[in-house]
Amino acid sequence: MAKGKAPRRTLDSYTLRNINKTIKAGDCVLMRPAERSKPQYVARIERIEADARGGNVKVHVRWYYRPEESIGGRRQFHGSKEVFLSDHYDVQSADTIEAKCTVHSFKRYTKLDAVGNDDFFCRFEYNSATGAFNPDRVAVYCKCEMPYNPDDLMVQCEGCSDWFHPACIEMTAEEVKLLDHYFCETCLSEDPKKLQNSLASSVDLDTKVDAKKRRRR
């Protein structure tokens, strides 16, 4: 007579002794990669289960993919801490969990005062079989018409509220940081009065940059 599978039970939570952290369904974690030279895997715990004695603990996870792990690869607008919630589910030993982490919404991530090693953000769901994203389009900004990358410095036009990369408006990051006002070319052409504010800001900017250079000497 064939021996049946040993019954397993679902756990509400489980304490990982190696990192002294308690995990539960819904938590995001960093898991040991197959190759130590690669970054840790990011996953969301769906369920925790153990054998009848409470041992051999397994976690049912839903993987987050990094941009470079997707079919299209990493693109210019992808943030360094960006991950995609995939449709790839798996079962792993709880012993492979190396740390807890937080995967923020895109909006919440952009409002963080400081980004830690355990902070990530997600704005797309990803189909690992087809390479499709949901949503399949997001807002684009600047002359280059690229989605927002929270790692990149941008300046907002006070007229149309669009955002621009310094390089796309022929400015340096240092110059942009010193601006008091900014109006894009389109807004300036529509309202000449704004040009006066922009020119005044440019003169003030030159003064600030010159003063900064003098302080460095």
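Modeller: β2 and β3 form a hairpin with four residues between them, and Asn20 in the turn has a positive phi of about 55°. This is a predicted model, in which local features need pLDDT of at least 70 and side-chain atom pairs count only at pLDDT 80 or more, while totals for chains, interfaces and linings use all residues. Residues are numbered from 1 along each chain as its sequence is written, and side-chain values use heavy atoms, with hydrogens and water left out.

Colleague: Why are strands β2 and β3 said to pair, and in which sense?

Modeller: Strands are DSSP runs of E, at least two residues long, and helices are runs of H or I, at least four, both numbered from the N terminus. Two strands pair if DSSP finds at least two bridges between them; β2 (residues 13-16) and β3 (residues 21-24) have four, in the antiparallel sense, and Leu16 stands opposite Lys21 in β3.

Colleague: What makes a set of residues a nonpolar core, and which members of the largest one touch the most others?

Modeller: The set must consist of buried Ala, Val, Leu, Ile, Met, Phe, Trp, Tyr and Cys residues joined through side-chain atoms within 4.5 Å. Buried means under 20% relative accessible area and exposed over 50%, with partly exposed in between, using a 1.4 Å probe and protein chains only. Of the 21 residues in the largest core, Ile23, Val29, Met31, Ile48, Val59 and Ile97 touch the most other members. Strands β4 (28-31), β5 (41-51) and β6 (58-65) each supply at least two residues of this core. Apart from it lies another core, of 14 residues, including Met171 and Tyr182.

Colleague: Why is the aromatic pair of Tyr41 and Trp63 described as it is?

Modeller: Rings of Phe, Tyr and Trp (its six-membered ring) pair if their centres lie within 6.5 Å, and planes under 30 degrees apart count as stacked, over 60 as edge-to-face and the rest as tilted. By this rule the count comes to eleven aromatic pairs. Tyr41 and Trp63 have centres 5.6 Å apart and 70° between the planes, and the pair is edge-to-face. The pair links distant parts of the chain, 22 residues apart, with Tyr41 in strand β5 and Trp63 in strand β6.

Colleague: Are Tyr41 and Trp63 buried or partly exposed?

Modeller: Tyr41, at 28% relative accessible area, is partly exposed, whereas Trp63, at 9%, counts as buried.

Colleague: What makes the charged end of Lys81 sit over the ring of Phe120?

Modeller: A charge sits over a ring if NZ of Lys or CZ of Arg is within 6 Å of the ring centre and within 35 degrees of the ring normal. The charged end of Lys81 sits over the ring of Phe120, 4.7 Å from its centre.
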